[in-house]
2 protein chains.
Amino acid sequence: MTVSVPRGFRAAGVAAGLKSTGANDVALVVNDGPDDAAAAVFTTNRFPAAPVQWSRQVLATGRVRAVVLNSGGANACTGAGGFQDTHATAEHVAGELGIGAIDVAVASTGLIGVRLPMEQLTAGVTAAAKALSEDGGQDAALAIMTTDSVPKTTVQHRDGWTVGGMAKGAGMLAPSLATMLVVLTTDAVVPADVLQTALKQATSVSFERVDSDGCLSTNDTVLVMASGASGVTPSAEDVTEALTAAATDLAMQLLADAEGSTKDIAITVRNAASVEDALTAGRACARNNLLKTALFGNDPNWGRVLAAIGTTDAAFEADRVDVTINGVTVCRGGAIGDPREGVDLTGREITIDVDLNAGTEQATIWTNDLSIAYVHENSAYST
Amino acid sequence: MTVSVPRGFRAAGVAAGLKSTGANDVALVVNDGPDDAAAAVFTTNRFPAAPVQWSRQVLATGRVRAVVLNSGGANACTGAGGFQDTHATAEHVAGELGIGAIDVAVASTGLIGVRLPMEQLTAGVTAAAKALSEDGGQDAALAIMTTDSVPKTTVQHRDGWTVGGMAKGAGMLAPSLATMLVVLTTDAVVPADVLQTALKQATSVSFERVDSDGCLSTNDTVLVMASGASGVTPSAEDVTEALTAAATDLAMQLLADAEGSTKDIAITVRNAASVEDALTAGRACARNNLLKTALFGNDPNWGRVLAAIGTTDAAFEADRVDVTINGVTVCRGGAIGDPREGVDLTGREITIDVDLNAGTEQATIWTNDLSIAYVHENSAYST
């Protein structure tokens with residue numbers, strides 16, 4: 001299901017032995033057309049992994065016929081040999097499907113700085129090609145998991161057309177461990193340039209506003225493919241709306257499954273001079289370890305909210321900023337507000353509202369707390 | 001001793017009941033002259049605490065006769081009432097010493113957003129004034145501790161003149177818990193403008209290159225006072241050298257005592273196009289939670305070093321960057337170098353050398369790992 005729900009798509013997920021656990025680790029999603037329009041957003045990290053370098057070339061054509069994804073190895077910082085591995089993988093997929101390598105996008109996730117076991121990966125691709133099916137979406141979603149505890153999928157039905165999707169990762173565009181990978185599919189008729197504009201807009205208000213730990217991966221990839229199999233040509237606005245709905249659904253699933261987190265935190269900055277200011281102030285909170293540990297400890301430490309936004313260049317006057325945590329305005333005019341004892345932080349959901357009193361714009365950043373389990377998971381990962 | 005070692009200074013530290021533990025919590029350092037030149041560097045946080053706002057006014061005169069410091073409350077984000085508390089504290093010190101309030105700098109550390117118990121603080125000031133002595137430096141150093149496990153002090157003897165100092169905190173200019181406070185004293189004859197230039201240079205290569213958790217406090221203060229009691233007038237270069245030595249000594253003590261840390265990490269970025277580039281790349285590593293947790297787990301995860309510097313705008317080519325961890329060049333040319341298994345991370349000291357191969361400048365940033373104890377301490381602080 002999921003990516004294979006829209007017409008024109010088949011998918012598969014198989015276990016190729018890249019993961020020591022024997023779980024699925026190679027996924028294949030194929031667009032059988034009639035169209036093969038595609039668009040993507042990649043990491044801006046200046047050490048892009050080999051599959052990102054390769055897929056950027058593929059996407060320059062605006063066309064993708066298939067995407068192969070693997071967990072169990074990021075193929076990042078692996079030099080010319082690593083790039084050849086990605087190229088060989090695309091060639092192998094192309095051979096199995098009778099298409100060109102330039103039609104095949106590649107995405108990888110796992111440990112940086114380790115070469116992929118190509119013999120196992122190639123055998124996995126062969127097995128995945130054999131297993132391709134219109135029911136293969138769930139297997140594919142399982143195959144891209146790393147520390148994810150559950151697969152993340154979405155389906156958005158519209159008037160005669162559908163968007164499907166799958167994702168792995170734990171917080172983004174600053175993903176936590178290794179990477180965020182997302183594949184979206186639609187059977188709508190959408191030209192590549194419309195698809196690119198719509199995807200960029202959709203990611204800017206979803207994945208790019210989830211910031212689990214501020215760490216930007218070398219492998220982040222969000223890919224969308226349009227088969228046109230529904231025969232329906234929605235407006236650009238409708239495409240943007242549906243992709244945004246799918247991306248937001250997946251983003252919230254990533255947040256809820258962030259490594260070791262015990263809180264889902266929505267930081268809304270209101271009455272900012274600009275959306276950019278609101279995002280800057282929100283991100284400063286989302287990346288402040290002192291605030292994130294305080295929230296882990298159920299401590300409504302609003303001083304750390306102010307200390308965080310006090311490091312930014314957002315427009316505000318220090319004596320006009322209000323902070324409300326879970327409905328209690330604990331800070332008024334940059335000073336002491338209602339008693340912090342009134343704030344109940346025992347649940348998983350936390351809302352922090354910062355009113356800058358400096359304009360009319362607003363934005364929300366979603367993040368998690370910084371927990372003992374986060375440290376444990378991320379200190380034990382590769383060893 | 002410490003701040004009271006240079007001639008012309010007396011100090012005291014007393015327990016006023018601000019700390020529930022009954023430990024020392026009010027410190028007083030008095031410059032008996034003949035000179036009263038002073039300089040300071042304050043936090044750049046846009047929510048400066050009341051004592052920072054006050055002390056900035058005092059320092060505008062280039063003169064300080066006394067500084068009063070308290071732990072047990074930061075007096076930050078406390079509005080007009082909080083500022084009045086600081087003013088009243090300075091007035092009370094002035095009354096005890098027979099000087100003007102404008103001669104008295106104030107520094108506070110503790111929880112943000114809580115008013116100080118003025119009755120206890122005032123009584124503490126009176127007691128501290130009575131206890132002032134040329135042997136009071138150690139008591140003063142104890143009185144400014146919060147989560148510090150040991151007091152931090154330094155003495156630098158030069159040719160006929162001396163610099164003394166004390167500090168509290170755990171990592172800066174991004175201090176961890178609450179704040180970094182530093183008081184330096186010297187019996188050299190130094191005009192205020194020379195002192196300011198020397199202090200700025202000294203802090204820029206010491207405290208500003210220690211980055212424990214990237215969080216900038218509302219209260220950070222580094223104050224230096226010159227009594228001229230030695231009668232010696234050193235050159236500006238010699239003053240800068242001695243202040244830098246004192247500041248570096250204290251900065252390394254802060255690093256070693258950072259909350260819950262198990263590693264002292266020196267990140268040196270070499271062959272950068274500029275010192276600024278080297279600092280930017282070093283800070284990106286120092287603030288990367290994934291790298292810091294990996295090091296806590298004794299994992300030489302060099303991919304996370306590249307992923308961190310890959311988010312910066314420092315000049316480099318991705319395929320020309322080398323990374324050496326504790327002497328093993330685990331990454332060459334942005335790709336796999338010597339086996340990571342050869343890296344021994346079991347000790348407390350870790351050196352990470354990043355060679356950008358993009359110029360001739362270099363800089364070192366010092367930081368700590370991100371440990372389970374860090375999360376524990378910072379989640380349990382105010383509750």
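Is Cys77(B) buried or exposed? Cys77(B) is buried, at a relative accessible area of 6%; here buried means under 20%, exposed over 50% and partly exposed in between, with a 1.4 Å probe and protein chains only. This is a predicted model in which local features need pLDDT of at least 70 and side-chain atom pairs count only at pLDDT 80 or more, while totals for chains, interfaces and linings use all residues. Residues are numbered from 1 along each chain as its sequence is written, chains are lettered from A and ligands numbered from 1 in the order in which they are written, and side-chain values use heavy atoms, leaving out hydrogens and water.

View 1. Searching the whole structure gives zero disulfides over all chains, a disulfide being a pair of cysteine sulfur atoms within 2.5 Å. Cys77(A) has its nearest cysteine sulfur in Cys331(B), 6.3 Å away. Cys77(A) is buried too, at 7% relative accessibility. For Cys77(B), the closest cysteine sulfur belongs to Cys331(A), and at 6.3 Å it is too far for a bond.

**View 2. The two copies and their axis.**

View 3. Thr179(A) sits in the loop between β7 (162-168) and β8 (181-186) of chain A, and is buried at 0% relative accessible area. Leaving aside residues up to four places away in sequence, the contacts of Thr179(A) include Ser108(A), Lys168(A), Asn219(A) and Asp220(A), where contact means heavy atoms within 4.5 Å.

**View 4. Backbone details.** Most residues other than glycine have a negative phi, and most peptide bonds are trans. The bond from Gly33(A) to Pro34(A) is cis, with omega near 20°, and Pro34(A) lies in the loop between β2 (26-31) and β3 (37-42) of chain A. Asn271(A), not a glycine, has a positive phi of about 50° and is partly exposed at 29%.

Definitions and conventions
Helices (H or I, at least four residues) and strands (E, at least two) are DSSP runs, numbered from the N terminus.
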